[in-house]
Amino acid sequence: MKKNYQLVINKDLKQTYETYGFIDNFTTHSFRVGYITKLLKTIPLKQVADIIGHKDMIFTVTYRRYNIDKDFITQQLEKPFQSE
């Protein structure tokens with residue numbers, strides 16, 4: 001019987017984040033998003049689309065929503081430590 005390893009990994013990831021209470025809804029697709037986001041920061045959009053197999057760049061552009069600048073990340077990480 002052939003196993004679908006993606007389902008097995010996703011089940012394990014879900015059990016892990018429920019057990020330790022971090023990063024809700026983390027799946028194998030999250031790794032793809034991370035990889036594409038890194039590519040978009042370093043090479044042109046057309047090349048990224050070719051690498052990941054998108055025929056239409058409009059689908060690749062949607063991954064740009066994951067490009068968050070370092071200042072924004074720093075602000076979000078500092079918020080819990082700021083006194084009101």
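Modeller: Contact, as used here, means heavy atoms within 4.5 Å. In this predicted model, residues 24 or more positions apart account for 25% of the contacts in the protein chain with a separation of 6 or more. Local features need pLDDT of at least 70 and side-chain atom pairs count only at pLDDT 80 or more, whereas totals for chains, interfaces and linings use all residues. Residues are numbered from 1 along each chain as its sequence is written, and side-chain values use heavy atoms, with hydrogens and water left out.

Biologist: Why does Thr-28 count as buried?

Modeller: Buried means under 20% relative accessible area, exposed over 50% and partly exposed in between, with a 1.4 Å probe and protein chains only. Thr-28 has 17% relative accessibility and therefore counts as buried. This residue is found in helix 2 (residues 28-42). Leaving aside neighbours within four places in sequence, Thr-28 is in contact with Gln-6, Ile-9, Asn-10 and Leu-13.

Biologist: What is the largest nonpolar core made of?

Modeller: A nonpolar core is a set of buried Ala, Val, Leu, Ile, Met, Phe, Trp, Tyr and Cys residues joined through side-chain atoms within 4.5 Å. The largest has eight residues: Val-33, Ile-36, Leu-39, Leu-40, Leu-45, Val-48, Ile-52 and Tyr-63. Helix 2 and helix 3 (45-52) are the elements that give two or more residues to this core, and helix 2 gives the most, with four.

Biologist: How do you know that the buried residues of helix 3 line one face of the helix?

Modeller: The buried residues of helix 3 are Leu-45, Val-48, Ala-49 and Ile-52. Seen down the helix axis, they fall within an arc of 100°, so they line one face of helix 3; the arc is that of the directions from the helix axis to the C-beta atoms. An α-helix has 3.6 residues a turn, so residues three or four places apart point the same way.

Biologist: Which helices do the buried residues of helix 3 pack against?

Modeller: They pack against helix 2 and helix 4 (57-61).
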